Amino acid sequence: MTPHQGASAPNEGSDPAESGRSTTVRSRRTGWQRLLPGITPERRGLVLAWWGFTVTFGGMRLLTWLIHIDMAGVGDVQAGGVHLHHYVWGILLLALVGAVGLVHRSARTRAWTGLAYGVGLALVVDEAALLISLEDVYWDTRGGISIALALALIAVAGSVLAFTRGRRDPQGHARRGTGTRTP
C-alpha cells in the first residue's frame with residue numbers, strides 16, 4: 001500500500017495533482033477551512049473573532065460618521081423616538097453567543113460564534129466611552145477612549161494570534177507545543 005492509499009483523511013490544503021492522487025479525489029473542506037486553510041478548528045473561532053471585531057469597529061465608525069455628517073439615506077436606529085445605540089445590539093449578540101456556546105461546541109459552531117462574538121464585542125467597545133461616562137460623548141474628545149480601547153484590543157489580540165502557533169503541518173496534523181491537541 002502506498003502512502004497515498006488507505007483510510008487516512010485527505011490533507012487539508014493539499015493539491016491532489018502534487019500528491020500523486022487522481023484529480024477527481026478532493027478533500028471535503030468547509031467554507032471556513034477554505035477561507036482559513038491550515039488554521040486549527042480550535043483556533044479558527046479566535047481568528048474570526050479578531051477579524052469580526054476589526055471589520056465591525058471600522059464599519060461602525062464609518063457608519064456613525066456618515067450619520068454625523070447627515071449623509072442622505074443614513075440615520076439613527078430609533079424605537080418610539082428613542083435612539084438605540086449600537087452597544088444594545090452588541091450586548092444582545094454577546095448574550096446569544098454565550099447561550100449558543102453553552103449548548104453547541106462543534107468546530108463549525110465555534111467558527112460562527114467566534115465571528116459573532118467579535119462583531120458583538122466591537123459594537124459594545126465602540127461605545128465604551130458612552131457606557132463609562134453615561135453621557136453621549138461619541139464625538140466628544142472623551143469619546144476617544146472607545147477608539148483607544150478598540151485599537152489596543154485589535155493590536156494585542158492580533159499580536160497574540162500572530163506570535164502564537166496554531167497552524168497545521170503539511171500533513172494536516174496540529175503541531176506539537178501549540179496548545180492544540182494532536183490526533
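Reader: Where is Ala155 found?
Author: Keep in mind that this is a predicted model. Ala155 counts as partly exposed, with a relative accessible area of 41%. As for its place in the chain, Ala155 belongs to helix α7.

Reader: How far apart are the C-alpha atoms of Ala155 and Thr54?
Author: Along the chain, Ala155 and Thr54 are 101 residues apart.

Reader: How many aromatic pairs does the structure hold, and what kind is the pair of Phe53 and Phe57?
Author: The structure holds two aromatic pairs. For Phe53 and Phe57, the ring centres lie 6.5 Å apart and the planes are at 5°. Planes under 30 degrees apart count as stacked, so the Phe53 and Phe57 pair is stacked.

Reader: Which helix holds Phe53 and Phe57, and are they buried or exposed?
Author: The two sit four residues apart, about one turn of the helix, in α3 (residues 41–68). Phe53 has a relative accessible area of 6%, and Phe57 comes out at 7%. Buried means under 20%, so Phe53 is buried and Phe57 is buried.

Reader: What about Tyr138 and Trp139, stacked or edge-to-face?
Author: Their ring centres are 5.1 Å apart, with the planes at 75°. Over 60 degrees counts as edge-to-face, so the pair of Tyr138 and Trp139 is edge-to-face.

Reader: Is Tyr138 buried or exposed, and which residue lies over the face of its ring?
Author: Tyr138 has 10% relative accessibility, so it counts as buried. Over the face of Tyr138, at 4.0 Å from the ring centre, lies Arg61.

Reader: What separates the C-alpha atoms of Arg43 and Arg110?
Author: Arg43 and Arg110 are 67 residues apart along the chain. Their C-alpha atoms are separated by 9.1 Å.

Reader: I'd like to check backbone angles too. What is phi of Asp70?
Author: Asp70 lies in the loop between α3 and β1 (78–79). With 66% relative accessibility, it counts as exposed. Its phi is a positive value in a residue other than glycine, near 60°.

Reader: And what is phi of Leu134?
Author: Leu134 is in the loop between α6 and α7. Exposed means over 50%, so Leu134, at 73% relative accessibility, counts as exposed. Here, too, phi is positive in a residue other than glycine, with a value near 55°.

Definitions and conventions: Residues numbered from 1 in each chain as written. Predicted model: local features only at pLDDT ≥ 70, side-chain atom pairs only at ≥ 80, totals over all residues. Heavy atoms only, no water. Phe/Tyr/Trp six-rings, centres within 6.5 Å; stacked < 30°, edge-to-face > 60°. Buried < 20%, exposed > 50% of the residue type's maximum accessible area, 1.4 Å probe, protein only. Lys NZ or Arg CZ within 6 Å of the ring centre and 35° of its normal.
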